Amino acid sequence: MSILLLGGSPQLPSSSSRLLLHIGEQLALQGHSYAKLHVRDLPARALLLADYDDAAIARAVRAVADADAIVIATPIYKASYTGLLKAFLDLLPQDGLAGKLVLPLATGGGHAHTLALDYALRPVLHALGAKQVFTSIYANAQQLAWHEERGLSLDAPIAARVQAGIEELSTGLFVLQGRRPPAPAEVSHPVRSLQEQPYAPQYQAA
């Protein structure tokens, strides 16, 4: 079964995109495959005009339709998810997430917007017919750190929440397949993560 990593940040790399890819890598270690879609890579005019005849827009909407689960990540701006992500979600049909498992992620500068996912994004995901929306994961800037050699590091509290989200989504996918999830001892974890994107801390963005 397939997972789509859906990134709503206008910047790349960013804190939310690194957390998104980190979770994708962990899910891959548990036997799941994933694809990536960053909304910022779609043609802006076609996105804003909801041009379904545009090939890139059509592929992106189809990628959502083909996925069994969506991990969706966004920075929080002004107590809400990004307008870029909203523009893409508006392209989906009314039942665009029907039958799908969804894990929402967000990053922000502090604790003030911890509940923004639940108040702003979660209702939209339910309105699109998601089968199950798992517990939201919010990380602030102090909980995430990027190192050129070690990759992404999470502090202990957010690492525990991330791992719980991964386990929930992975288990849900195995249940949909009619399979038993692997025992914890069967799952290994990488020493480093997200080496595919060079990154300088001074350019960190949500």
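The structure is a predicted model, in which local features need pLDDT of at least 70, side-chain atom pairs count only at pLDDT 80 or more, and totals for chains, interfaces and linings use all residues. Residues are numbered from 1 along each chain as its sequence is written, and side-chain values use heavy atoms, with hydrogens and water left out.

A salt bridge joins Lys-86 to Asp-90, with 3.3 Å between the closest N and O atoms. The term denotes a side-chain nitrogen of Lys or Arg within 4 Å of a carboxyl oxygen of Asp or Glu, and by this rule there are three salt bridges. Side chains of opposite charge can pair when their charged atoms come close.

Another salt bridge links the side chains of Arg-40 and Asp-41 at 3.5 Å, N to O. Arg-40 counts as partly exposed because its relative accessibility is 35%, whereas Asp-41, at 52%, counts as exposed. Asp-118 and Arg-122 form a salt bridge in which the closest N and O atoms are 3.0 Å apart. Both of these residues lie in helix α5, four residues apart, about one turn of the helix. Asp-118 is partly exposed at 32% relative accessibility, while Arg-122 is buried at 18%.

## Chain architecture

The chain has six helices and eight strands. Helices (H or I, at least four residues) and strands (E, at least two) are DSSP runs, numbered from the N terminus. In order from the N terminus, the elements are β-α-β-α-α-β-α-β-α-β-β-β-β-α.

Of the 206 residues of the chain, 47% count as buried. Contacts are defined by heavy atoms within 4.5 Å; among those between residues at least 6 apart in sequence, 80% join residues at least 24 apart. The chain exposes about 9,800 Å², of which carbon and sulfur atoms supply 55%. Accessible areas come from the Shrake-Rupley method with a 1.4 Å probe, and for residues only the protein chains shown count as cover.

## Nonpolar cores

A nonpolar core is a set of buried Ala, Val, Leu, Ile, Met, Phe, Trp, Tyr and Cys residues joined through side-chain atoms within 4.5 Å. The largest such core has 35 residues, and Leu-42, Ile-70, Ile-72, Phe-88 and Leu-97 have the most contacts inside it. Two or more residues come to this core from each of β1, α2, α3, β3, α4, β4 (101–108) and α5 (116–127). A second, separate core of 24 residues includes Ile-23, Ala-73, Leu-105 and Leu-169.

Not counting residues up to four places away in sequence, Leu-97 touches Val-64, Ile-70, Leu-92, Val-102, Leu-125, Leu-128, Gly-129, Ala-130 and Lys-131.

## Backbone features in loops

Most residues other than glycine have a negative phi, and most peptide bonds are trans. The peptide bond from Leu-12 to Pro-13 is cis, with omega near 0 degrees. Pro-13 belongs to the loop between β1 (2–7) and α1 (15–29).

Ala-50 has a positive phi, near 50 degrees, and sits in the loop between α2 (44–48) and α3 (55–66). Its relative accessibility of 31% makes Ala-50 partly exposed. For Lys-78, phi is also positive and near 50 degrees. Lys-78 is located in the loop between β3 (69–75) and α4 (83–89), and it counts as exposed because its relative accessibility is 83%.

Key. Buried means under 20% relative accessible area, exposed over 50%, partly exposed in between (1.4 Å probe, protein chains only).
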